[in-house]
Amino acid sequence: MKVIKEKHPLLMRWTHWVNFPILSIMIWSGLLIYWANDTYTFTIFSVTFIRFFPQGFYDALHIPRRLAEGMAFHFLFMWFFALNGFLYVSYTIISGQWRELVPNRHSFKEAWRVVLHDLHIRKMAPPQNKYNAAQRIAYTAIIVMGFGSLITGLAIYKPVQFNYLAWICGGYHLARIWHFVLTIGYVLFFLVHVVQVVLAGWNNFRSVISGFEVIDEKPLPAIQIQSDETNEKTE
Amino acid sequence: MKSRCPLFKFKAMKLTKKLSKVFSRNKAPKRELTVEQKISRRNFISFGSFLVLGGAAYGGWRWLYTSPNEVPGITGEAHKPLRAVLNANEKVVRQLYSNKNLVKTYPKEMAAKVVRHNSDIGSEGLIDIDAWKLSVKKHTGEMLNIGIDEIKKLPKTEIIYDFKCVEGWDQISHWGGVKFSDFIAHFKLDAETRFEYVGMETPDKEYYVGVDMPSAMHPQTLLAYEVNEKPLPPKHGAPLRLIIPVKYGIKNLKRIGSISFSSNRPPDYWAEQGYDYYAGL
């Protein structure tokens, strides 16, 4: 028998989806800014592995020569980014949803099992609940990252007025690098996230829009072997 | 009074009974929705509003992205709504501004030996330093013409700080000169500081900036004539340039020709080209 099981509250769904276009615009306008001084490389032992970004990438996205425009968009959508994050975090705290979300002392051990299970190395699935251990870590990390973007962003935006924030980030120069690294982190998160959502299937995807999952509950057997006490509990 | 009460109570009870009957008749018992019906109903509402609001968001974005540019004036080249936001942000940021917030300074050894140079607009080629005079336009119409030696006689202030370019690069560099506030005091320009803005121009008027008075009077704002303890070379704005650590490099005008004071925003080279007028740090 099909049963509706509530999963994601309205506000968590909305802040999730609202964040997608906001973060896209922030990354895009951030690229318009980064282009003006694209000096970051990923270098180990003086071997450069990655240089951000190839000219073809810039040309395809019409990035070059739009610094002023990029800054103007960035400094509008920063407000929405902060507000949306504030709404999500306050709601998660006030509603108690954080209990399902924040990693607990078992999460790090369990997350490893989730990874092994997802890679088809381990057969037994670890406990799922609303989020499994790996999800708890990932979804909490992304919030911490968002907060990091806000702090590093403010440190870059007004490094003299917010000189204590710049100091926390290790100075203006380093704050910019953190800000950039976090963005790369979002992109990597996004790629894994989308693959996982596709693999998880329709029921899971729908729950982030409609809020509920449909589960197939087996009807209770006519002859109940369980004692009355446990029956009461299952009801 | 009390004796009337029981009767009244009785009547009232009858009335509420009648009323509740009327209402309960309206609430004809609906057949409860099946799980399938509930699912499709909730899906319809959720996905419907998702599509409608998603479409509205896209429409809003297209509106903003294709919005016309502002009318060119003191500022220009920015989408009209975005310029309004830049100006609104300025109001917020000015609330946070304090002359007590200082830019971080560094030891001399950390200063770059080769100081980065980005643009020549307004300071191309060489200039006859002996013939050069800084003209200061007072609000009375009076004009001061000050030679570089006269400026060098004033108390010297040095600063080694992280110069920040709007493009994104930054460099620790070492500058020496006179504090703008000392300059104001020495030449008895205090009356000019009640204006809201300082305007500066290169001698050829090719490059020009407007700076709000609090930032100009910031204790780390210099009229600099030295870099790395040597007189400014031409490409760094000889003989005198602005070093204003609370602003991006674009406001640090090289080769100052004239200084004026105004209650309105003076023309600003990069603000005309889509950049934030305030450009504060």
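Here is a conversation about a predicted model of chains A and B.

Colleague: How do you know that chain A is in contact with chain B, and how many residues take part?

Modeller: Two residues are in contact if their C-beta atoms lie within 7 Å. By that test, 29 residues of chain A are in contact with 36 residues of chain B. Helix H3 (67–95) is among the elements of chain A that supply at least two residues of this side, as are strand E1 (2–6) and helix H8 (172–200). The largest share, eight residues, comes from H3(A). By class, the side of chain A that touches chain B has 19 nonpolar, six polar and four charged residues.

Colleague: Why is B:Arg255 called buried?

Modeller: Buried takes 20 or more other C-beta atoms within 10 Å. B:Arg255 has 26 C-beta neighbours inside 10 Å, so B:Arg255 counts as buried. B:Arg255 sits in the loop between E9 and strand E10 (258–262) of chain B. Its phi is near 50°, a positive value in a residue other than glycine.

Colleague: What makes a set of residues a nonpolar core, and which residues have the most contacts inside the largest one?

Modeller: The members must be buried, of nonpolar kinds, and joined through C-beta atoms within 7 Å. The largest such core has 66 residues, and those with the most contacts inside it are A:Ala72, B:Met200, B:Leu222 and B:Leu223. H3(A) gives the largest share of this core, nine residues. A second, separate core has eight residues, including A:Ala155 and A:Tyr157. As for B:Met200, the residues it touches include B:Tyr208, B:Leu242 and B:Ile259, leaving aside those up to four places away in sequence.

Colleague: How do you know that residues 137–157 of chain A are listed as a transmembrane region?

Modeller: That comes from UniProt, where an unreviewed entry lists residues 137–157 among the transmembrane regions of chain A. In the model, this span is 100% helix and 0% strand, with its end C-alpha atoms 29 Å apart.

Technical notes. Residues numbered from 1 in each chain as written. Chains lettered and ligands numbered in written order. Predicted model: local features only at pLDDT ≥ 70, side-chain atom pairs only at ≥ 80, totals over all residues. Helix = DSSP H or I, 4+ residues; strand = E, 2+ residues; numbered from the N terminus. Nonpolar A, V, L, I, M, F, W, Y, C, P; charged D, E, K, R; others polar. UniProt positions renumbered as here; feature names shortened; annotations may be inferred. Buried ≥ 20, exposed ≤ 12 C-beta atoms within 10 Å, placed from the backbone.
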